[in-house]
Amino acid sequence: MGLYRFRPPASGRMGILWTLSTIRNAALVEFGSMGHMVYARVALERMGVSGACGLYATHLNENDIALGSTDRLLDAVRNVIQKDAPQAVFLLPSSVPEIIGTDLGALARELGGLYPKVPVISFGKGGFHEDACHGVEEALAVLARELALPPGQRQGDAAEQGAEPGTFNIIGSCADRFRFRAEAAELERLMWGAFGMKPQCIMTAEASVESLRTLGTASLNLAVRGEAVAAAELLKSSYRTAYVQGCPYGIEGTTRWLVQVGEAIGRKPDAGFISRESAEAKQAARQLVPAVRYRKGKARLFLGGPADSVAGISAFAQEELDMTVEAAWRDSLYGDSGTLPFYTERQWMEAAKAAEGAILMASGQTLQWAGRPDTLQIANPDLAWRINPHGLPFAGYRGALHLMELWANEINRDN
C-alpha cells in the first residue's frame with residue numbers, strides 16, 4: 001500500500017462491514033484487533049448506522065498470531081449467541097488473520113455444527129488486495145445464497161404461493177453509498193406510484209435476517225449497482241426472479257427505467273404518475289436551461305464518485321440539460337475501466353483544481369480540500385454527521401429536481 005495524503009482506498013473488509021452493518025437481528029464478529037471495530041463503530045454512527053447489527057471484535061494477543069489459535073473467536077461467538085440470541089452470525093475477515101491464513105470458512109462450518117439453529121456465515125474478500133466494492137459484491141451474493149430460504153422452508157402465505165406479484169427487492173442499497181437510504185426511499189416511491197408495488201427486502205439498508213430469508217418471494221429484483229448483479233443472478237437462477245440492473249437518474253432516464261421495469265414484470269407503468277412527475281421536473285428544467293445557455297462557462301461539471309452514480313448524473317446533465325461534463329471519474333478500481341477512469345489521489349486533486357469556476361461534485365473529503373460547499377457532495381468519504389435518514393436523493397424524479405436546484409444555484413452564484 002502506498003502513501004496517501006488523505007485516506008487510503010477502503011479494503012474488501014470495509015465493504016463487507018458496510019454491507020452487513022445495517023442488518024437487524026444479526027451479530028457480526030471480527031477476529032481482529034479491538035481498535036478496528038471501535039474505529040468502525042464511530043465511522044458507522046457518523047454515517048447514520050446504529051442500533052442494527054451487533055458489532056463485536058475478539059481482540060488478538062501474541063499466542064493468537066504466533067500459534068494460530070482460534071479459541072478466542074469460538075468463545076466470542078458462543079458468548080454472543082448466548083447473550084444476544086441473534087438470528088445469524090457473520091464472521092468478518094481482518095488483516096492479521098488474512099496474513100496468517102486463518103480459515104474462517106472452516107471455523108464457520110465448525111460453529112454451524114455447534115449451533116445448528118443459527119447460521120454462521122463467513123466472508124473471504126477481507127484483504128487489502130480487494131477493493132471495498134469487491135467486499136460489497138461478495139457480501140450481497142453470500143447473503144442471497146446463505147439466507148434466502150427455498151419455498152418449502154418459508155413460513156406463511158408466501159411459501160404456498162411462491163413469488164409475491166406486488167413486491168420487489170432492492171439489492172445494493174448499502175452504507176458505503178452517500179445518502180443510500182434517501183435513494184432507496186425514492187425507488188420505493190417510484191415503484192409504488194408506477195406499479196403499486198411494495199418492497200419485500202431492501203438489501204441491506206433496511207434489511208433484517210427475516211426479510212433476507214424472504215428474498216426469493218419477490219416478483220422482481222432491482223440491482224441498483226454493478227456490485228448487486230451477482231446476487232441478482234443467483235436469485236434468478238434459484239427462484240426465476242427477473243431483475244433490472246441500474247439506478248434511474250434524470251427525467252427521461254427515470255421514465256426509461258420505469259418502462260424497463262414494466263417490461264421485466266409484464267406491466268405498463270401508470271401513465272398518469274409518470275406524466276405528473278415528469279411534468280413537474282420538466283418545469284424546473286425549463287427554468288434551468290436558459291441559465292445553462294447564457295452562462296455556459298459556469299455550467300461545467302467535474303464529477304467523481306461511484307461509477308453508477310457518476311455515469312447517471314453525467315448523462316442527465318449532458319443529454320437532458322445540455323451542460324458540459326469536463327471530467328468524470330470513478331472512486332474505485334471495481335468495474336469496467338472502459339466506462340469511467342479511476343482517479344488516484346493525485347489525479348482527483350488535479351481535477352478539483354481544474355474545476356475552478358465550474359461545478360465540482362465529489363466526496364466530502366474532496367470538496368473540503370477544494371474549499372467547496374458540502375451541498376455538492378455525491379460520494380463518500382464523508383466528513384459530516386448524517387443522522388437524518390430522510391435527505392434528498394439524487395436518483396429518480398425527485399433526485400433530478402434536487403440536482404437541478406443545486407446546479408441552478410451554482411451557475412447563478414456570482415463569485
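The questions below go through sheets, helices and single residues of this predicted model.

Me: In what order do the strands of the open sheet with edge strands S2 and S4 lie?
Reply: Strand S2 (54-57) and strand S4 (120-122) each pair on one side only. The open sheet has four strands, with parallel pairing. Neighbouring strands are turned by 20 degrees against each other on average, direction ignored. The order is S2-S1-S3-S4.

Me: Which residue of S4 stands opposite phenylalanine 90?
Reply: Strand S3 (residues 89-92) pairs with S4 in the parallel sense, over three bridges. The residue of S4 that stands opposite phenylalanine 90 is isoleucine 121.

Me: Which strands does helix H1 touch where it packs on the sheet?
Reply: Helix H1 covers residues 12-20 and packs on the sheet. Its direction makes about 160 degrees with that of S3. The strands touched by H1 are strand S1 (27-30), S2 and S3.

Me: What angle does the direction of helix H7 make with that of S4?
Reply: Helix H7 (residues 132-147) also packs on the sheet, where it touches S3 and S4. The angle between the direction of H7 and that of S4 is about 150 degrees.

Me: How many residues of H1 are buried?
Reply: The buried residues of H1 include Gly12, Arg13, Trp18 and Leu20. Met14, Gly15, Ile16, Leu17 and Thr19 are buried in H1 as well. H1 is mostly covered, and the count of buried residues is nine of nine.

Me: Is threonine 22 buried or exposed?
Reply: Threonine 22 lies in the loop between H1 and S1. Leaving aside neighbours within four places in sequence, its contacts are Val49, Ala52, Ala175, Phe180, Arg181, Thr204, Ala205 and Ala207. The C-alpha atoms of threonine 22 and valine 49 are 6.5 Å apart, although the two are 27 residues apart in sequence. Relative accessibility is 2%, below the 20% cut-off, so threonine 22 counts as buried.

Me: What does tyrosine 56 count as, by relative accessibility?
Reply: Tyrosine 56 is placed in strand S2. Leaving aside neighbours within four places in sequence, it is in contact with Ala27, Leu28, Val29, Glu30, Met37, Val80, Lys83 and Asp84. Its C-alpha atom is separated by 4.8 Å from that of valine 29, 27 residues apart along the chain. A relative accessibility of 25% falls between the cut-offs of 20% and 50%, so tyrosine 56 counts as partly exposed.

Me: What handedness has the β-α-β unit of S7, helix H11 and S8?
Reply: Strand S7 (residues 218-223) is mostly covered, with five of its six residues buried. S7 and strand S8 (residues 242-245) run parallel, joined by four bridges, and leucine 220 stands opposite alanine 242 in S8. With helix H11 (residues 229-239), S7 and S8 make a β-α-β unit that is right-handed.

Me: How are H12 and H14 oriented to each other?
Reply: The axes of helix H12 (residues 251-265) and helix H14 (residues 307-321) come within 8 Å. The contact is made by Ile251, Glu252, Gly253 and Arg256 of H12 with Phe316, Glu319 and Glu320 of H14; by class, these are two nonpolar, one polar and four charged residues. The axes cross at roughly 110 degrees. That angle falls in the range 65 to 115, so H12 and H14 are roughly perpendicular.

How values were computed:
Residues are numbered from 1 along each chain as its sequence is written. This is a predicted model: local features need pLDDT of at least 70, side-chain atom pairs count only at pLDDT 80 or more; totals for chains, interfaces and linings use all residues. Side-chain values use heavy atoms; hydrogens and water are left out. Axes are lines fitted to C-alpha atoms, for helices over the stretch in contact, and angles run from 0 to 180 degrees between N-to-C directions. Helices (H or I, at least four residues) and strands (E, at least two) are DSSP runs, numbered from the N terminus. Angles under 35 degrees count as roughly parallel, over 145 as roughly antiparallel, 65 to 115 as roughly perpendicular and the rest as oblique. Contact means heavy atoms within 4.5 Å. Ala, Val, Leu, Ile, Met, Phe, Trp, Tyr, Cys and Pro count as nonpolar, Asp, Glu, Lys and Arg as charged, and the others, Gly among them, as polar. Two strands pair if DSSP finds at least two bridges between them. Buried means under 20% relative accessible area, exposed over 50%, partly exposed in between (1.4 Å probe, protein chains only). A crossover is right-handed if, with the strands pointing away from the viewer, the path from the first strand over the helix to the second runs clockwise.
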